[in-house]
Amino acid sequence: QSENSDKSSAESDSETEPEQASVYHKLLATLKTSPESESEEEEDESESEEAGESETEMDSEGSQETGEAEGGEEDENDIPDKEEGEYNPFLFPAKDTAEQMLGEEQADGADTSCDLSHGVIEEFTDAKHESEFSLETNFMEEESGDYNADERRSNPFKQHMDKEMEEKEVEKMSTLSKSSSQTKWPRLGQVTFSSVLEKHKTLKPDKELDVKQLHLHKPLEVTWPKVNKQFLSSLNKPSDLCFTPLQRELFCIMNTYRDLFYPERTALTNGEEIRLAYCLHALNHVLKANAQVLTNNAKRRDQKPRIDNDDYRDQGLTRPKVLMLVPFRECALRIVHIFISLLEVNSERKIDVSNKKRFKGEFGSDPEERPPNLKRPEDYEAVFAGNIDDHFRIGVAILQKSMRLYAPFYSSDIIIASPLGMRTIIGAEGEKKRDFDFLSSIEILIIDQADIYLMQNWEHVLHLMKHINLLPLDSHGVDFSRVRMLNLNNWSKYYRQTLLFSALHNPQINSIFSKHCFNYTGQVAVRNIPQVGSISHVVVQLPHVFRRLEADNLTSVIDARFQFFIDKVLPEYRDAIMSHTLIYVPSYFDYVRLRNYFKKEELNFVHICEYTKKAGICRARRFFLKGDRQFLLLTERFHFYKRYTIKGIRNLIFYELPTYSHFYSEICNMMKATDNGMDATWTCTVLYSKYDAQKLAAVVGIDRTAQMLQSKKNVHLFITGEN
């Protein structure tokens, strides 16, 4: 995808707007990444299209909203309402939601007030338990023990953090390109290893993984098999009682502290078992790091002559060690639940969790708020389960047998946040109130469900990556005699492990891994190529015409596509006989450009984007179904957040291949909803360029993609639904 398209969520939609957005509009747009509640749409979803009463009702509703009978064409329907700037999510409970798992435990009394509206609330931090969770004033309990000599040599945490890089190695990391090698693993498939310092070094998966060989912090050896039991019940191999095959191979990589990119994480299938695996790794890292500090505290206390000793360099410049980036509050809720489960050795030894009641209120959801009779695909239900507010951040401090939620960031071990939550605290250059020093010593960065950030605002992710592992502007009370040399040398980024999980391959996601990850131990990326594309799931009989456009480079493809569309494609659809034409537009920038062009040419069209109000959506869908409007412009983000069935499609144009490959078959299969049996006249046209190879392979499969890119022909035809 183009560089500009990654800003697709950045603009408000008005007739006179420029095609570049201000920072204010970027933030405003993401505060409302989801339009109004799903329940508002159900009356239109289930209505009979010929019912005159329903049409009258919607017309009156539209006139009240805009005073304009031609609703769906007025841009004011698309402008994010300032009063609706707070995120107003649809709330779907998961079958086994995390807040139910948290149980009915009492709060610790620190605060009992909480806002159940799930909106943006005044930020709260727990200042009450500062000394109790301080790393400087606490000491390791005797029963927790210390590392012996053998553990020091074989412990992955110690091996990674204790390595002392030389300046020539850092210079190599900055100047030399990575060497890579490939191998095939039983479960992950095609795996690519790349590194600057370690040439041609690969890793073999353990066929069996004994929890005692992983050098986990002692309590985790006991709790992990119990917590992970839900995913092991269907497995009959008694030799491996702790991990699923997927978890075993992923954790094998995580535990070596290499960077990892896994682009096959889906909410419907393997999302939760992956979440468990990275939570185990993050918690293991934090417990070991804190144990090292507390043990050294005791040694320094007992040491009679107070002399400086480099053996006690065990900390970063700031305390936060792990940053977990997740899209919704429900994800943070589930992560905290996993942490609690992993820390509770048995039912008699419950850990003390500060502010649990408040957390449950602000991050949980009410099952009764789910709209009635809601019918959506299973993957949609899985992604949008629970509280889907996307503006949040919370600090978590962990000390031996206690957990502190809402810890101030500089007293936190783990920060769980959304990209928007990070963006609003990092701020922009020139703003008075901004802070990113707490990101200076992040040792593990976990970016989960990265594909969803493409639908929110990818700029926030890039902004975060530019501010991580920088030298802090203030000392924040750190004891420099305890700070590791790697942090003092500003080499933190070479030690940071990045775990990146996504549902798809995408150039923007790939660029995070290739341009913003510098781990000296190297990188591991799963690179499986789809053999069969989503076109195989199209059930209607339909000719698919793929038309290739030429562009000199990646930056020029945006203009080349627009010119190709208005010169070569649109003229074929201007005739009235080509009515009921839906144009699917992934990029919001392209949508604005097309909408403005259609207005200028006075074409008979309606348009729906993620900011269009309910009344405008209803009118646009009805006009399109009845043929009163020839064209319907539809954005990908609208489809992602709503998944409406658009009825009346006879001609379909994919202005660009969809980000999610299964959206291709979903949109095509909407033609089933068209009455009158006119399938003989249905058409589907797809625009693509050589820069769309990944998305093209996901739709038509790798073999067809190779043929299409190598062929001199610019038009390729496939027919689906034939007997």
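Author: Helices here are DSSP runs of H or I with at least four residues, strands are runs of E with at least two, and both are numbered from the N terminus. Residue numbers start from 1 along each chain as its sequence is written, and side-chain values use heavy atoms, with hydrogens and water left out. The model is a predicted one, where local features need pLDDT of at least 70 and side-chain atom pairs count only at pLDDT 80 or more, while totals for chains, interfaces and linings use all residues.

Reader: Okay, where is the place of Val286? And why does Val286 count as buried?

Author: Val286 sits in helix H11 (residues 271-302). Buried means under 20% relative accessible area, exposed means over 50%, and partly exposed is in between (1.4 Å probe, protein chains only). Val286 has 0%, so it counts as buried.

Reader: What does Val286 touch, not counting residues up to four places away in sequence?

Author: With contact meaning heavy atoms within 4.5 Å, the partners are Val322, Ile398, Asp413 and Ile414.

Reader: Switching to rings: what makes Tyr410 and Phe438 an aromatic pair, and of which kind?

Author: Rings of Phe, Tyr and Trp (its six-membered ring) pair if their centres lie within 6.5 Å; planes under 30 degrees apart are stacked, over 60 edge-to-face, and the rest tilted. These two have 6.2 Å centre to centre and 85° between the planes, which makes them an edge-to-face pair. Tyr410 is in the loop between strand E7 (402-405) and strand E8 (414-417), and Phe438 is in the loop between helix H15 (419-426) and strand E9 (444-447), so the pair ties together parts 28 residues apart in sequence. Tyr410, at 25%, is partly exposed, whereas Phe438, at 0%, is buried.

Reader: How many aromatic pairs does the rule give?

Author: The count is 31. There is also an aromatic cluster made of Phe328, Tyr380, Phe384, Phe640, Tyr641, Tyr660 and Phe663.

Reader: How do you know that Arg358 lies over the face of Tyr406?

Author: A charge sits over a ring if NZ of Lys or CZ of Arg is within 6 Å of the ring centre and within 35 degrees of the ring normal. Arg358 lies over the face of Tyr406, at 5.8 Å from the ring centre. Arg622 does likewise over Phe623, at 5.1 Å. Tyr406 itself is in the loop between E7 and E8, and with 4% relative accessibility it is buried. Its phi is near 65°, a positive value in a residue other than glycine.

Reader: What makes helix H13 (residues 356-363) mostly covered?

Author: Six of its eight residues are buried: Lys356, Arg358, Phe359, Gly361, Glu362 and Phe363. The cover includes helix H12 (329-343), strand E5 (352-354), strand E6 (393-399) and E7.

Reader: Last one: why is H17 called roughly parallel to H20?

Author: Axes are lines fitted to C-alpha atoms, for helices over the stretch in contact, with angles from 0 to 180 degrees between N-to-C directions. Under 35 degrees is roughly parallel, over 145 roughly antiparallel, 65 to 115 roughly perpendicular, and the rest oblique. The axes of H17 (residues 458-466) and H20 (residues 507-515) come within 12 Å and cross at roughly 5°, so H17 is roughly parallel to H20. Trp458, Val461, Leu462 and Met465 of H17 meet Gln508, Ile509 and Ile512 of H20.
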